[in-house]
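Here's a quick tour of a protein fold for anyone just starting out. Have a look at the sequence and the structure, then read on.

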Amino acid sequence: MSPAAERGREREPRADRDTVLADPDLLSGRLFFAVPLPNPTKAPIEGLLPEISRAIPDARVAAPAGWHLTLAFLGQVRPESAADVVKVGETAVAGLPRASLRLEGAGGFPNERRARVLWAGVAGDVDVLASLAAKLASESRAAGLRFEERELHPHLTLARLPRPAPIPEPIIQRIGEAAAASPPWQAGELCCYRSTLTRNGARYQVVRTFPLTG
């Protein structure tokens, strides 16, 4: 891996996915709900990260360990609201089936000419993700939890740019090809993540999982 790629990955959030934390005290702080990706699905695009770093030297490349599909960001949650967070997650997944998903396409937000985010697209049962996001929003609102109001565009964030810049077309094409080569997966759980800010970026921990069993 090139030095630029190493620097980009060192700065990016890390996800402690191996240990699922259930202590109610950890269901506070900066929380968000998201769907994780399995390692085999990540692999083809992960192999492109050095190339992305060379093509967009200023980009902060996201560490693959932290790749997820964000559905609702709660922001700062107080410890006394931990039970509400659990209830929101449990209610949101009730009756929803596992989702068959795949990576498809690539692009930049807000556009490829003046991008701040480089992304890979998501296809398949995105209606399940939309239902989850809608239920998380309504349940969070009912519980009195604050959350970011945003329209859902399912995507995987690969890198962030410090200022708007064009993304080279060959990189968009290469990511699209890697996405097409990524194995589809069955998304079987919603996760509540805790994001802790550090000097090297945010550190992610899964603090609760909610199975999709409908």
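## Strand E2 and the fold around it

Let's start inside: strand E2 (residues 29-36) has seven of its eight residues buried, so the rest of the structure largely encloses it. Keep in mind that this is a predicted model. The chain has six helices and ten strands, and 47% of its 214 residues count as buried. Take the contacts between residues at least 6 apart in sequence: 80% of them link residues at least 24 apart.

**E2 and its partners**

- E2 pairs with strand E4 (residues 68-77) in the antiparallel sense, and eight bridges connect the two.
- For an example of that pairing, look at Gly29, whose bridge partner in E4 is Val77.
- E2 also pairs with strand E9 (residues 189-198), again in the antiparallel sense, over five bridges.
- Here you can pick out Phe32, which has Tyr193 as its bridge partner in E9.

**The five-stranded sheet**

- As a bit of background, strands of a sheet pair through backbone hydrogen bonds, and they can do so in a parallel or antiparallel way.
- In what order do the five strands of the open sheet come? The order is E3-E7-E6-E5-E8, with antiparallel pairing.
- At the edges sit strand E3 (60-61) and strand E8 (185-187), each of which pairs on one side only.
- Strand E6 (residues 115-124) and strand E7 (residues 155-165) run antiparallel and are joined by six bridges.
- Within that pair, Gly121 stands opposite His155 in E7.
- E5 and E6 also run antiparallel, with seven bridges joining them, and Leu101 has Gly124 as its bridge partner in E6.
- A hairpin takes the chain from E5 to E6 through five residues.
- E5 pairs with E8 too, in the antiparallel sense and over three bridges; there, Ala99 has Ala187 as its bridge partner in E8.

**Helices lying across the sheet**

- Helix H5 (residues 126-143) lies across strand E5 (99-109) and E6, and runs at about 115° to E6.
- Helix H6 (residues 169-181) lies across E5, E6 and E7, and runs at about 175° to E5.

**Where H4 meets H5**

- The axes of helix H4 (residues 82-93) and H5 come within 9 Å and cross at roughly 145°, and the crossing of H4 and H5 is right-handed.
- Which residues make the contact? From H4 there are Asp84, Val88, Thr91, Ala92 and Val93, while H5 brings in Leu132, Lys135, Leu136, Glu139, Ser140 and Ala143.
- Sort the residues in this H4 and H5 contact by class and you get six nonpolar, two polar and three charged.

**Cysteines without a disulfide**

- How many disulfides does the structure hold? The count is zero.
- Cys191 is in no disulfide, and the nearest cysteine sulfur, that of Cys192, is 8.8 Å away.

How values were computed: Residues are numbered from 1 along each chain as its sequence is written. This is a predicted model: local features need pLDDT of at least 70, side-chain atom pairs count only at pLDDT 80 or more; totals for chains, interfaces and linings use all residues. Side-chain values use heavy atoms; hydrogens and water are left out. A disulfide is a pair of cysteine sulfur atoms within 2.5 Å. Two strands pair if DSSP finds at least two bridges between them. Helices (H or I, at least four residues) and strands (E, at least two) are DSSP runs, numbered from the N terminus. Contact means heavy atoms within 4.5 Å. Axes are lines fitted to C-alpha atoms, for helices over the stretch in contact, and angles run from 0 to 180 degrees between N-to-C directions. A crossing is left-handed if the near helix is turned anticlockwise from the far one by less than a right angle, and right-handed if clockwise. Ala, Val, Leu, Ile, Met, Phe, Trp, Tyr, Cys and Pro count as nonpolar, Asp, Glu, Lys and Arg as charged, and the others, Gly among them, as polar. Buried means under 20% relative accessible area, exposed over 50%, partly exposed in between (1.4 Å probe, protein chains only).
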